[in-house]
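Open the structure and keep it in view.

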Amino acid sequence: MTQNTGHAEQAKMPPQIPYIIANEGCERFSFYGMRNILTSFLITSLLLSMPENMRAGMAKEVFHTFVIGVYFFPLLGGWLADRYFGKYNTVFWLSLVYCAGHACLAIFEDNRNGFYTGLFLIALGSGGIKPLVTSFVGDQFDQTNRKLAQKVFDGFYWIINFGSFFASLLMPLFLKQLGASVAFGIPGALMFIATMIFWSGRKKYVHVPPVSKDPHSFLNVVRTALTTKVAGQSNSGTLMAWLGALLAVGSLFLIPAIGIVAALCLVLVLMLGFGGMGAWMQLDRARGAHPDEAVDGVRSVLRILVVFALVTPFWSLFDQKASTWVLQADLMTKPSWFQSSQMQALNPMLVMLLIPFNNLILYPMLKRMGVELTALRRMGLGIAFSGLAWIVVGFMQLAIDGGNSIDITWQILPYALLTFGEVLVSATGLEFAYSQAPLAMKGVIMSFWNLSVTIGNLWVLLANSSVKSTAVTEQIKTTGISVAAFQMFFFAGFALLAALLFALYAKNYKMLNNYRKA
């Protein structure tokens, strides 16, 4: 393995970084280009055979199911990279799968099965590479130049939103004026360009080899902790894990009500949650059978997963800007040429402005005032700001339900609040996840970070499924507000409660430095 940075005291930027950044910019245009027109396309084209009053709900269900897939497959990608193929090879080959998915969208615009196959391939390709590109950036740094890493992670997030901005602005117009084949074909072409850019830098990258099968891996340590019995001590941790397994099996009976994707995600959440709590309770039983370093590494991972779990409500709110907020925008007054989906361009534009503003002005100013915004403080505040954004959206929905004419420019305020929260949560979370992960689990930990998005969208599907119940809708009617407004205030409260719990947990969290040595 070669090191491409300069001497430690020079702390030079690795020269291979531009290849990864350029790849990410094109890939993000590709992804957001199709993602941001998906809800509108489903309602106006693919789902026209359905009754009109059911299209919006089905479009939201398809959209959030797709997003669940995108952020579920990082588990597969991280495992393949860490265990077998390495990050570079896994990213390259899954990028080709990603390109095939875009081709399906362009070809099968009138065929549900073909179109849904394309969505599956994009979810597999995009999701599989998602944690790896981010952690691949981290691999290019060591402890001599790690201070430059946060700047690159911020730049990485900036270029993501650069691609997203132009995709959000242009693709709704292309869909309207040029048709679905062209609108979905352009992102496919950008994804192919992204793949070629990434391939071009193959000889310059630092390649961290995959980890061989480890008898002291995370799962092996957890298994030992849960299965080892100690005389005179209860097996409460093992019972906790078994309870999670039973509840997971029971959740499969919910498939008719919530769908197979949501049910399988719920299985995963229950297994991870209860299994993790059980392992934590009995983790010291693994000492002796495994080195202390491995056991301590597992404890670190479990602490990180609590942070990720508390972030999931943020993603519940954030990803609905491409579904619920677009549907609300359809009910607002706007110029005839303006498409509701185009409001999403405001989000990446604000990100591009807020990242340099925060780093150059806000954070230094707060530091001079004696206020240190640590990574965890930023993330907690970001969750809270997302809740405030949805309070604003809820009041706007009340006005619309009351028959008032609301101009679409009013959505600027919630977009600004949500985007500020996104910068605090997501841009910070990328570096946090990498820095806290044990060296042998970089790809997997980044996969768990992305899994938090899957779980966030799971909460959306469960909420949408609940309001299909007559008993629930009748109960909501007693509040005097519409189901849409009620859900908006519900999600706002969900996020504010999560922000409070996050702040309480962050007080006792000990930060780690798990960058590789020079």
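Predicted model: local features only at pLDDT ≥ 70, side-chain atom pairs only at ≥ 80, totals over all residues.

Q: How many aromatic pairs does a search of the whole structure find?
A: Two numbers describe a ring pair: the distance of the centres and the angle of the planes. Searching the whole structure gives a count of 31 aromatic pairs.

Q: Is the aromatic pair of tyrosine 88 and phenylalanine 92 stacked or edge-to-face?
A: The ring centres of tyrosine 88 and phenylalanine 92 are 6.4 Å apart, with 10° between the planes. Planes under 30 degrees apart count as stacked. The pair is therefore stacked.

Q: Are tyrosine 88 and phenylalanine 92 buried or exposed?
A: Both residues belong to helix H3 (residues 74–107), about one helical turn from each other. Tyrosine 88 has 12% relative accessibility, and phenylalanine 92 has 14%. The cut-off is under 20%, so tyrosine 88 and phenylalanine 92 count as buried.

Q: Which residue has its charged end over the ring of tryptophan 199?
A: Look over the ring of tryptophan 199, 3.8 Å from its centre. The charged end there belongs to arginine 202.

Q: Are helices H11 and H14 roughly parallel or roughly antiparallel?
A: H11 (residues 292–318) and H14 (residues 375–401) pack with axes 9 Å apart, at an angle of about 30°. Their contacts include Val307 and Phe314 in H11, and Met379 and Trp390 in H14. Angles under 35 degrees count as roughly parallel. H11 and H14 are therefore roughly parallel.

Terms used:
Residues numbered from 1 in each chain as written. Heavy atoms only, no water. Phe/Tyr/Trp six-rings, centres within 6.5 Å; stacked < 30°, edge-to-face > 60°. Helix = DSSP H or I, 4+ residues; strand = E, 2+ residues; numbered from the N terminus. Buried < 20%, exposed > 50% of the residue type's maximum accessible area, 1.4 Å probe, protein only. Lys NZ or Arg CZ within 6 Å of the ring centre and 35° of its normal. Axes fitted to C-alpha atoms, helices over the stretch in contact; angles between N-to-C directions. Parallel < 35°, antiparallel > 145°, perpendicular 65-115°, else oblique. Contact = heavy atoms within 4.5 Å.
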